[in-house]
Amino acid sequence: MSPEYKHNEIEKKWLERWEEEKHFRAIEDSSREKLYVLVMFPYPSGPAHMGHVANYTLGDVMARYYFRKGFSVLNPMGYDAFGLPAENAAISGGIHPAEWTRNNIRLIRDDLKRLGYAYDWSREISTCDPEYYKWTQWFFLKMYERDLAYKADANANWCPSCGTVLANEQVLWDDTCERCGTKVELKRLNQWFFKITDYAERLLEDMDKLSGWPERVLLMQKNWIGRSEGAEIDFTLKSTGEKIRIYTTRADTVYGITFFLLAPEHPLVDRLAKDEKLASRILEFRRKLSKRTTMERTALEAEKEGIFLEDYVINPFTGEEIPIYTANFVLMEYGTGAVMAVPAHDQRDFEFARKYNLPIRVVIQPPDGLLRPDEMEEAYEEPGLMVDSGPFSGLPSDKGIQSICDFVEKEGIGERKVNYRLRDWLVSRQRYWGAPIPIVYCDSCGVVPVPEEELPVILPEDLQLREGGKSPLPFEKSFYETKCPRCGSTARRETDTMDTFVDSSWYYFRYVSPHFGEGPFDVEKASYWMPVDQYIGGIEHAIMHLLYSRFFTKVIYDMGMIDFVEPFTRLLCQGMITKDGAKMSKSKGNIVAPASYIEMYGSDTLRLYIVFMGPPEQDKDWSDEGVRGARRFLSRVWRLVHECFLPLEGKVGEAGNGCSQRDRAMQSVIHRTIQNVTRDVEEFAFNTAVSFIMELVNETYGYFGSEKADVGIMREAVEVVLGLLAPSCPFITEELWEALGHKGSIHEAPWPIYDPELAKPEEITIVVQVNGKVRDRLNARCDISEDEMKRLALESEKVKRFVGERDIKKLVAIPGKLVNIVV
C-alpha cells in the first residue's frame with residue numbers, strides 16, 4: 001500500500017521547513033546572470049482572491065524556473081497599503097483605516113505563504129509604513145526642487161462620495177469614479193501637480209525600447225499621451241487689439257473660419273462679459289457645466305451649447321470679423337482654451353453652427369466630389385484640395401498645412417507647435433489615509449518644503465475620520481501647526497495627502513534594498529537588480545500605474561541615480577478569470593474564494609489548474625471540474641512514484657538492460673519533453689508545458705507496464721516529471737523528491753537538461769497537400785531527405801486519387817514537415 005496523498009500535511013511540513021531554512025532569499029552574485037521577476041503588489045482589501053492567484057502563480061513559476069537555471073532571482077512581495085477603501089471601511093465598519101489595512105495585510109500574507117510562493121519575505125514592504133513613505137515624501141521634494149511639482153488652481157474631477165479629487169485616468173468612460181462608481185463632477189480647487197507633460201516626448205520616444213511589452217499597452221499609452229503636430233496662430237480681439245492665440249492641427253482650413261470659441265473657464269470670458277445680464281448668463285452656464293466631466297462635455301453625441309460674447313476677433317488671413325462664443329465642448333486644458341471654428345470641416349463646430357444659425361464655408365473639397373454647404377449633413381473632416389483659400393487654393397491638404405505654417409512663422413503671427421493630450425498629474429488628495437505632502441505654508445516665506453532631515457512627516461494614526469468621511473488632518477492642530485523651517489515663525493502644514501499612485505510608482509526600486517536608510521534605494525544594489533526583467537499585472541494598469549512608473553524612472557535617471565530609462569523590460573498582462581462568462585464580483589454572487597479550494601484540493605492543485613487553464617494573457621472561465629481534473633493528475637503523479645517506481649527499484653534483478661527499442665523510445669520521449677517544456681516556460685506557454693508533462697506521465701505509465709522496464713530509465717522519467725512540474729506544484733514535488741532519496745530540495749536542483757540527439761523523434765509526420773488541401777499524413781524517418789519525401793507523397797494512394805492523370809505543375813518539399821503538390 002502506498003501512503004495516502006494528504007496535501008494539508010505535506011504543505012504544512014514544507015512551509016515550515018522552507019521558512020526554517022530560509023529558502024528563496026535573493027542574493028547579489030556578480031558571477032550569475034540575474035532575473036528580477038515582479039508581480040504588481042496587491043491592495044490589502046482582504047484575503048487573497050483568485051485574481052491574485054492567477055497573477056502571482058505566473059510570476060512564481062518564472063522565478064522558480066530561472067532559479068534552477070542558475071540565475072540570481074529577486075522575487076519580492078509587498079502591499080499598496082494607502083488608499084480610499086480603508087477609509088470607506090472605516091466609515092461603514094467603524095474600524096480605523098490603519099487597523100483595517102494591517103489586519104488585511106496579515107490575511108493576504110498568510111494566504112500567499114500557504115500558496116507556496118517563493119518570495120523573499122525579508123524584503124516585504126508596505127507603503128503605509130513610515131520607513132517607506134519617508135522616501136515617497138523625499139521624491140516629492142526632489143520633484144519640487146526640479147520644478148516638476150507645483151500648485152495651481154484647476155478644474156478637478158471631484159467624487160462627492162469619496163470626498164476627493166480624481167486624476168483623469170481615474171474617471172471611467174461613463175464619467176464615474178473607478179473606486180465607487182459615483183457620478184464625477186468638476187470642481188475648481190488649488191491642487192498639487194507633477195509636471196509629467198515635460199516628459200511627454202520622452203515617454204513616446206522611449207517606447208522603441210519596450211519591445212517586450214504588449215503592443216496594445218503601448219498603443220493605449222500613445223493614445224493617452226496624444227501627440228499632435230499643428231500651429232499656434234494669433235487672432236486680434238476687435239475691441240482691444242490684444243492677441244488671442246489658438247492651436248490647430250488643421251491649418252489648411254483657416255479660410256473656413258466662421259466663428260471663434262473660448263472655453264467657459266478662459267479668463268477672457270469674464271472680461272468680455274461686461275454687461276450684467278451677460279455676466280449672469282455666463283455664471284449660470286459655468287454652474288451647469290461644473291456638474292459635467294470632461295468626457296461628458298467633449299462627447300461627440302453631447303448637445304453643443306454656447307453664448308455669444310458680444311465681441312469679435314479678426315482673422316489674420318482674411319481680415320474678416322469673426323463672432324466670439326463660449327462653448328461647452330471647448331476645454332481650457334487642451335491647447336490654449338481658444339478655438340478657431342470651421343464648421344464645414346469639424347463635426348462639433350458643424351453641429352454648433354447648425355444650432356445657432358452660423359455660416360458654413362467649404363474650403364476643402366474631397367478628391368471625388370463637390371461639397372455644397374446647404375446640402376451637407378455632416379462635416380467633411382478628411383484631407384482634400386484647398387479651395388477659396390486665397391493664394392493657397394489648389395494645394396492638397398498636407399502641403400497646404402505646411403505652406404500656411406511657413407506663412408504664419410514668416411509673418412510673425414504664430415509658430416509651429418507640438419501639443420499633447422496628456423495633462424499634468426494631479427497628485428494631491430483631500431483624504432486622510434495617504435502619505436502627507438511635505439510642504440508648509442508660512443506667511444513670511446510662502447511655500448516652504450520640509451527639510452529632508454525632518455522626514456518623514458508622520459501621518460498620525462490616532463485620529464478618527466470626521467463626519468461624512470472627511471479627513472481629520474485640517475482640523476487637528478497637533479498635525480497642521482508647525483514652525484517654518486526657514487524663519488522659525490508659526491506655519492501651517494499641508495493637510496492634503498498624496499495620490500496612492502505616487503507610492504506605487506517607485507516601489508520596485510525599494511525591493512532591492514528595503515531597509516536602506518540613506519536613500520530610497522541602494523544605488524549599487526539597484527545597478528545589479530534593475531531594471532525589472534519581467535513584470536506581470538492586469539491590462540487595467542496600462543495608463544495610470546505603468547505610465548507613472550515610466551515617468552518616475554526617467555526622473556530618477558535625470559537625478560543621476562540609475563543608468564536606464566525604462567523600469568520594466570518585459571511586461572505580461574494576464575487575462576481575467578471569469579465565472580460563467582462574467583467578471584467575478586460580490587454583487588453577482590460568483591466569487592471563487594481560493595481558501596476553500598486550497599483546503600479541499602491543496603495549493604498545488606489550485607496552482608496547477610491556474611497555469612493549465614489557457615494562455616496567460618487570455619481571459620479564462622472558471623471550472624470546478626477543471627480543478628478536480630488537476631487534482632486527479634497530481635494523484636497519478638503520486639501513484640507513479642509510490643506504486644510504480646519505488647516497488648520497481650526494489651526488484652533490480654528483474655529490470656531490463658536499457659538497450660531495447662522501447663527503452664530508446666522512452667528516453668527520446670523524456671528528452672523531447674524537457675526540450676518542449678523548457679521552451680514553453682520561457683515563452684509563458686505554461687498551459688502547453690503542463691500538457692507535455694501530462695503526456696510524459698502517460699508514457700511513463702505505459703513504459704512501466706511494458707516487459708522489463710529499465711530502472712535507470714524509469715528513475716530518469718520520474719525525476720524529470722517532478723523536476724519539470726516543480727515550479728507549478730512545489731509541495732508535492734518536494735515531498736516525492738524526498739521519497740526518491742534526495743537530501744536537498746528539488747527547488748535547488750538544476751533544471752533538467754536534454755540531449756539534442758535523444759530529443760529527436762525517431763519518426764516524424766509529413767503532411768501532404770494537393771492544391772493547398774491536406775490529402776494525407778505520412779510517417780517517416782526523422783532524417784528523411786526531400787527527394788524521399790516527394791517520392792513517398794507521390795506513392796500515396798490517397799494522393800494518387802486527387803492527382804490522377806493531371807500534370808503536376810509544382811512539387812515542393814519543406815524538410816521534415818510538408819509536401820505541396822500543385823496540379
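In this predicted model, strand β26 (residues 577-579) runs alongside β28 in the parallel sense, the pairing extending over 2 bridges.

Turning to the helices, α2 (residues 50-68) packs on α19 (residues 603-612) at an angle of about 90°, with the two axes 9 Å apart. That angle makes α2 roughly perpendicular to α19. On the α2 side, the contact draws on M50, V53, A54, T57, D60, V61 and R64, while α19 brings in L606, R607, I610 and V611. Sorted by class, the residues of this contact come out as 7 nonpolar, 1 polar and 3 charged.

Helix α19 also meets α24 (residues 730-739). Here the axes come within 7 Å and cross at roughly 120°, and α19 and α24 are therefore oblique to each other. The residues involved are S603, D604 and R607 from α19, together with P730, F731 and I732 from α24. The class breakdown for the contact of α19 with α24 is 3 nonpolar, 1 polar and 2 charged residues. As for R607 of α19, this residue takes part in the contact with α2 and also turns up in the contact with α24.

Methods:
Residues numbered from 1 in each chain as written. Predicted model: local features only at pLDDT ≥ 70, side-chain atom pairs only at ≥ 80, totals over all residues. Heavy atoms only, no water. Axes fitted to C-alpha atoms, helices over the stretch in contact; angles between N-to-C directions. Helix = DSSP H or I, 4+ residues; strand = E, 2+ residues; numbered from the N terminus. Parallel < 35°, antiparallel > 145°, perpendicular 65-115°, else oblique. Contact = heavy atoms within 4.5 Å. Nonpolar A, V, L, I, M, F, W, Y, C, P; charged D, E, K, R; others polar. Pairing = 2+ DSSP bridges.
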